[in-house]
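Good morning, and thank you for joining. I would like to take you through one structure this morning, and I ask that you keep it in view as I speak.

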Amino acid sequence: MKLNIVTEPRLGSFDLLLLVIFFAGIYLGVMVQITPTIPFPAAPAGIAGLVLLWRRRDSIVPAHLAGLFGVIVLYLGASFSTSDIGTLPKRFTGLVQLTYSLVIGYAMFLTLLQASRRQLANLFLGFSLFILIGSLLESYAGLNIVSDAVRNKIYDSGIYDSDLRDQILYGKVRPKLFTSEPSAVTFGYTLFTFAWFMVTPRRNKLMLFLALLAAGIIAMPGPTLLLSLLLLPPYYFFVLPQTPPIGQFGAGYRMAIIVFGSILLVAFAVVGATIYAERLGQIMNGNDPSFFYRVIGPGLVGIEVMQHYPWAGAGLTGEASIADLVLNVFVQSSHFSAGWRINKISEVLTNYFWLHWIYLGLVWGCVILAGLTVWLRLLGVPAILFCWITWAVFGQASGAYVAPKTWVVLLLAAALTMLHQRVAVPATPVQSMPFGRPPRLRRPAPLAPQA
């Protein structure tokens, strides 16, 4: 088999600046209310994304647009399939937000494909180090005064106020670093660090990744960081074997990955039970509302909705229409405490993976999942299953199904799997070696003396 090498494309300074604004907007999650009923989520990311879309207009492929339009039509069909017509305006608002999120995510996707791997590695590592150093400064150097002042200015609601709980669980006040809550910090750090791990060409990147993960646990303790461990086996199983092709690895490689994944699962359990022992105890005793609303509760509600409303679920952003069902499911769970106050149903279902099934039900949920998969295939994504695994894993730490962050996770994984294959493409043919190692050159034999 022959490999070809070409010079990677590179983004200009302006496009890199737009990407910085875009990912900063995803990290901060600042929402601007356009009208009393229509919000503008992740506003900086939205503005940067629309500019990026205009700059990538020549890269837009008709098949991409057809796939995106088809996905939106499927969501529209799901919205009209629910029995509660009274919530149709609310579902339409959700569809507008979802369309906006998919469009700017597509603009990000096209832009990332025009960058070099080294450019993106530097970009994502820069975000990770900013969050890491900023968290340390907030905890130990007084940056929290500035951070809290900024947070009170840019967020109208949802500002975290459970510092006492953090001191009990983690022995310190967790950093917020200009976001609304500590989980946004750990989510951003985990996402950017794993993106760096995927795109960097460094040979020792696994050890550096684990070092960054350990540093993150010290600087910003939170279970979200451990989710990245669950993504390593899918990366090695689905993405890496395609560069070079999987045929060069064989069954022995797959078995090694299965063993490696099993070890990581054990490490995940041991680290979680050791570092977060106090919080694990509260979860088991039903004293952790955050974990319940993020993981346990949405899963229980999702299963219940698929049983009672299998055709079309509650509809996009239709939590309020199933408020009684949600409360009944919560009360029946042994992990729920009757003393927890619930102001809005949407605030206690913060898991976008389960919201997919809550909003769409079993039938339309599967149909739209298939439609999105077809769109990813039209985009040329090589490891679609890995993208969905990444999307589902990060969904355990984030809600807001129709918001940009949800779809940036999916399309970022899609772009990075394509960039990961940009190691060997046609130019000068050379003989490939196992794992991409160049052949060793031999010294020429000395010329025989002439008679």
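I shall discuss a helix, its packing partner and the aromatic pairs.

Please bear in mind that this is a predicted model.

Let us begin with helix 8, which covers residues 182-199. Its 18 residues reach 26 Å from the first C-alpha to the last, close to the 26 Å expected at 1.5 Å a residue.

I turn now to its neighbour. Two packed helices are described by the angle between their axes and the distance between the axes. For helix 8 and helix 9, the latter spanning residues 205-219, the axes come within 10 Å and cross at roughly 170°. Helix 8 is therefore roughly antiparallel to helix 9. In the contact, helix 8 contributes residues including Tyr-189, Phe-194 and Trp-196, while those of helix 9 include Leu-206, Phe-209 and Gly-216. By class, the residues of this contact divide into 10 nonpolar, 2 polar and 1 charged.

Next, the aromatic pairs. The whole structure holds 34 of them. One is formed by Phe-23 and Phe-192, edge-to-face, at 5.9 Å centre to centre with 90° between the planes. Because Phe-23 lies in helix 1 (residues 13-28) and Phe-192 in helix 8, the pair ties together parts that are 169 residues apart in sequence. Phe-23 is buried, at 0% relative accessibility, and Phe-192 is buried as well, at 1%.

Finally, ring pairs also link a cluster whose members include Tyr-75, Tyr-352, Trp-388 and Trp-407.

How values were computed
Residues are numbered from 1 along each chain as its sequence is written. This is a predicted model: local features need pLDDT of at least 70, side-chain atom pairs count only at pLDDT 80 or more; totals for chains, interfaces and linings use all residues. Side-chain values use heavy atoms; hydrogens and water are left out. Helices (H or I, at least four residues) and strands (E, at least two) are DSSP runs, numbered from the N terminus. The expected span of a helix is 1.5 Å times one less than its number of residues. Axes are lines fitted to C-alpha atoms, for helices over the stretch in contact, and angles run from 0 to 180 degrees between N-to-C directions. Angles under 35 degrees count as roughly parallel, over 145 as roughly antiparallel, 65 to 115 as roughly perpendicular and the rest as oblique. Contact means heavy atoms within 4.5 Å. Ala, Val, Leu, Ile, Met, Phe, Trp, Tyr, Cys and Pro count as nonpolar, Asp, Glu, Lys and Arg as charged, and the others, Gly among them, as polar. Rings of Phe, Tyr and Trp (its six-membered ring) pair if their centres lie within 6.5 Å; planes under 30 degrees apart count as stacked, over 60 as edge-to-face and the rest as tilted. Buried means under 20% relative accessible area, exposed over 50%, partly exposed in between (1.4 Å probe, protein chains only).
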